[in-house]
Amino acid sequence: MTGRLLPGSAAARTTGPGTSAPPVVTEGAATSVRRAPSVTFAGFDGLRAIAALMVVVVHTGFPAGFTTSSRLGPYVARAEAGVAVFFLISGFLLYRPFVAARLAGASPPPPGGYLVRRLMRILPLYWLALAVTLNVVSDERIGVHGLTGVVQTALLVQGYQDTWAIQGLTQAWTLDIEVAFYLAVPVYAWLLGRRRRAPERQVRVELAALAGGYLASRVVHLTVVPLRHGWTSGWNVWLPVWWDLFALGMALAVISARCAQLDRQPRWTGLPAFGFACWAVAALCYWLAVRHSGLPLSPIFTPSRSQDLARHLMYGLFGFFLLLPAVFGPPGRGLIRRLLASRIPVFLGSISYGIYLWHTAVIDLLLDHTSWRIFHIPYVPFLATVLAGTIALATVTHYLVELPCIRLSRGWARRVDAQVGRWTRRSTRPVTPGVPAASTGPLSTLDGPLGAPATAPVTAAARAGVTRVGAPLDAPTVPLGAGPQAWAARGWVAPPPPDTAGLGERDGSEVTARLTRPRRPDGTPQPPRPGGAGRPRPTGGPGGTSTSATGGEVLPVVEPGPPGTRDVGRT
């Protein structure tokens, strides 16, 4: 973690590229002129580790018989609250860049690149785990409903009908909800950011909207819990049913972004026992879920209204207070924050997605190929064996699959954002009445920088002066000396100069002046008058081109950037 620490904050503003990817929240678009800074939350890998281990505990306790036979069984059964912790983490980390950019007056993350990164984060490893599990685990323990079932599980829609649900990786029902949340975040952020407001008012609007969404989620929950037929049979994976948990994480994101903008934290976050107090409240909520929610011990059950409402309330509060020390407070201070940021939790958190995907396959393989009999398994050796195998698989696939896909997704996301930007600029390019539209054709009336006639065709984009910005990292930079003909021949277009009124008076004015001089009948440029008295004054043309007062057409000319810059893209 690098950069200046926010006073009293559990986050650090980062300025270097070496910050590890998982706990970094990038606030604002990569192509924006104005961006909010990136922020690192060092404790969130530790939180992911806790959530993943809780899921493993609940899924090993029941087949071992420990959940139903031990006095500690109810505490093991309620470890399913780890799913709620994952949902709060997603709500916080995914929504914070949008709200932070909005409060700073910066551009939000482009939705195209955001979705590419999110889908590349979960789908490749999920598809690998699904394919391996279906091939190595016996059909008695896992399977799919033919080719239709393969498509349903691969696209993460298997939970939307009760007849589809029990196939593939049984724990993947939560990924159905995560993907729906990924799609909803940019839409929700756009709705909340349509009107420009002062930061204080925007925060109030954000929190009021989240409170309303939380209550609406409870109303939907009350409405659909009794329904078990038709299209409502899959209500358990509907995003509105689980929105309350995401909303709690998003509320933390709003408050955290506002505190970072003000460069201060609530006073209570600096108390010496702040972390312990938060986790004590989380433990109390967990105990209430165990003792007073009336939830059954089986990991698969159909809850009543009161059971499900109590489960959501207690699990949500448990996750909320578990996250608080990682969001607020001085980083590196306090036992809780140091524990979350220590090596083992950080490592387990970095492979937590693999732990989540692989642990059920390891459990099934142990039940298939060992002498352990279901419901009669010593729990501690069974849990230790499952953890060892799962961590090994998760570590291998983290380095061979997850990290390469994350690196690949960054380049793809930049390309998607650049392409969307080009489409947007084309669709919003103003058209001046009375000026003919640009068209593709030869440009034979301009001479090149070395006196050679221009014979290469110029694309319509070049004639219109469409800017190509945000090119892939392997795209070369076209130097100014190559001339507009070379740009057109290669399919390149340069951005228009910032001040079209000053054409011919910038550095490199010789090239610009030759492009803007009036033409003789034979197509050659007229010589300038002494003192530049005859230099034409350009006026705005369509899409960034200019037309001189004497009829000479002006192509957009731009000076090259520093060596190594990549600010021009290839059509």
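What follows is a set of questions and answers on this chain, from the overall picture to single residues.

Modeller: This is a predicted model, in which local features need pLDDT of at least 70 and side-chain atom pairs count only at pLDDT 80 or more, while totals for chains, interfaces and linings use all residues. Residues are numbered from 1 along each chain as its sequence is written, and side-chain values use heavy atoms, with hydrogens and water left out.

Biologist: How many helices and strands does the chain have?
Modeller: Helices (H or I, at least four residues) and strands (E, at least two) are taken as DSSP runs and numbered from the N terminus. On that basis the secondary structure of the chain comes to 19 helices and 8 strands.

Biologist: What percentage of the residues in the chain is buried?
Modeller: Buried means under 20% relative accessible area, exposed means over 50%, and partly exposed lies in between, with a 1.4 Å probe and protein chains only. Of the 571 residues in the chain, the buried share is 49%.

Biologist: Among contacts between residues at least 6 apart in sequence, what percentage joins residues at least 24 apart?
Modeller: Contact here means heavy atoms within 4.5 Å. Among the contacts in the chain between residues at least 6 apart in sequence, the share that joins residues at least 24 apart is 75%.

Biologist: How are α5 and α15 oriented to each other, roughly parallel or roughly antiparallel?
Modeller: Axes are lines fitted to C-alpha atoms, for helices over the stretch in contact, and angles run from 0 to 180 degrees between N-to-C directions. The axes of α5 (residues 111-136) and α15 come within 10 Å and cross at roughly 5°. Angles under 35 degrees count as roughly parallel, over 145 as roughly antiparallel, 65 to 115 as roughly perpendicular and the rest as oblique. Helices α5 and α15 are therefore roughly parallel.

Biologist: Which residues of α15 make the contact with α5?
Modeller: From α5 the contact draws on Arg121, Ile122, Leu125, Tyr126, Leu128, Ala129, Val132, Thr133 and Val136. On the α15 side, the residues are Tyr353, Gly354, Leu357, Trp358, Ala361 and Leu365.

Biologist: Which residue forms a salt bridge with Glu206?
Modeller: A salt bridge is a side-chain nitrogen of Lys or Arg within 4 Å of a carboxyl oxygen of Asp or Glu, and the structure holds 9 salt bridges. In this one the closest N and O atoms are 2.4 Å apart, and because Glu206 lies in α9 (residues 199-224) and its partner in α4 (residues 81-104), the pair ties together parts 104 residues apart in sequence. Glu206 counts as buried at 0% relative accessibility, and the partner, buried at 16%, is Arg102.

Biologist: Which residue of α10 pairs with Arg218 of α9?
Modeller: The closest N and O atoms of this salt bridge are 3.2 Å apart, and the pair links distant parts of the chain, 26 residues apart. Arg218 is buried at 13% relative accessibility, and its partner in α10 is Asp244.

Biologist: Which residues does Ser409 touch, not counting residues up to four places away in sequence?
Modeller: Ser409 has its place in helix α16 and counts as buried at 4% relative accessibility. Apart from those sequence neighbours, Ser409 touches Val116, Arg117 and Met120.

Biologist: How far apart in space are Arg258 and Val99, C-alpha to C-alpha?
Modeller: Arg258 lies in helix α10 and is buried, with a relative accessible area of 13%. Arg258 and Val99 are 159 residues apart in sequence, yet their C-alpha to C-alpha distance is 8.8 Å.

Biologist: Where does Asp263, which has a positive phi, lie?
Modeller: Asp263 has a positive phi of about 60° although it is not a glycine, and at 31% relative accessibility it counts as partly exposed. Its place is the loop between α10 (239-262) and α11 (274-292).
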